[in-house]
Amino acid sequence: KSLEIAGFKSFAKKASLEFTTSIAGIVGPNGSGKSNVAEAFRFVLGEQSIKSMRGKRTEDLIWNGSQTAPRANRASVKLSFDNSSQHGRPRLFDIDFDTVTLERIIHRDSSSEYLLNGSPVRLKDILEMLSKAHIGASGHHIISQGEADRILSVNPRERKSMIEEALGLKIYHYKKEESLRKLEKT
């Protein structure tokens, strides 16, 4: 439904994008922030690699200030999904809300928060929910500049991981890893 970005990379002030059709395109000249919008999607969906978002450390993702807008102390990205079950379509997420809003907030001290409809949750909860809905944070869902070449040039293990995520198998990997950790602990 919408994407709200505040203090993230080149977005000093809050910017909102509304998606009213099933396909949306972001077009603009070089340097206008198109890649930052794609990275905002990846960020809110749980991307952990700062490098894949063209940064070296967490602080690089927060607006650093200019002559017209002061430096931000935090960055937040909020993504809202239509979760209604209209026209015989099942809910996207197994949550009893017509709108599901994910929010990720990072601070200059590198602390991070994840919110689901305004309530604090763990990254693990977000990733599990997204996996069940076949939505992932990796580049095969959001093919940004250079990603097509990356998909073709990665090693077989990474390519397998991308395909498994696209097929919705990541949820089972998470469950297996968690079970193995519990077994190890026991």
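Predicted model: local features only at pLDDT ≥ 70, side-chain atom pairs only at ≥ 80, totals over all residues.
## Two buried phenylalanines

Phe8 and Phe43 are both buried. A tilted pair falls between stacked, which needs planes under 30 degrees apart, and edge-to-face, which needs over 60.

Where in the chain do Phe8 and Phe43 sit? Phe8 belongs to the loop between β1 and β2, while Phe43 is part of helix α1 (residues 34-44).

## A second ring pair

Searching the whole structure turns up three aromatic pairs. Another of them joins Phe81 and Phe93, with 5.1 Å from centre to centre and 75° between the planes, an edge-to-face arrangement. Phe81 is in strand β3 and Phe93 in the loop between β3 and β4, so this pair ties together parts that are 12 residues apart in sequence. Phe81 and Phe93 are buried as well.

## The six-stranded sheet

Now to the sheet. Six strands form an open sheet with antiparallel pairing, in the order β2-β1-β3-β4-β5-β6. The edges are taken by β2 (15-18) and β6 (119-121); each has a single partner strand, so one side of each is left without a neighbour in the sheet. On average, neighbouring strands are turned by 20° against each other, direction ignored.

Strand β1 (residues 2-6) is a handy one to follow on screen. It pairs with β2 in the antiparallel sense over four bridges, and with strand β3 (residues 74-82), also antiparallel, over five bridges. On the β2 side, Ser2 stands opposite Glu18. Glu4 has a bridge partner in each neighbouring strand: Ser16 in β2 and Lys78 in β3.

Setting aside neighbours within four places in sequence, Ser80 is in contact with Lys1, Ser2, Thr99, Val100 and Thr101.

## Helix α2 and its surroundings

Helix α2 (residues 123-132) meets helix α5 (residues 170-185), with axes that come within 8 Å and cross at roughly 140°. The two helices are therefore oblique to each other; roughly antiparallel would call for an angle over 145 degrees. From α2, the contact is made by Lys124, Leu127, Glu128, Ser131 and Lys132, and from α5 by Lys170, Ile171, Tyr174 and Glu178.

The buried residues of α2 are Leu123, Ile126, Leu127, Met129, Leu130 and Ser131. Just after α2, His134 takes a positive phi of about 60°.

Notes:
Residues numbered from 1 in each chain as written. Heavy atoms only, no water. Pairing = 2+ DSSP bridges. Axes fitted to C-alpha atoms, helices over the stretch in contact; angles between N-to-C directions. Parallel < 35°, antiparallel > 145°, perpendicular 65-115°, else oblique. Contact = heavy atoms within 4.5 Å. Buried < 20%, exposed > 50% of the residue type's maximum accessible area, 1.4 Å probe, protein only. Phe/Tyr/Trp six-rings, centres within 6.5 Å; stacked < 30°, edge-to-face > 60°.
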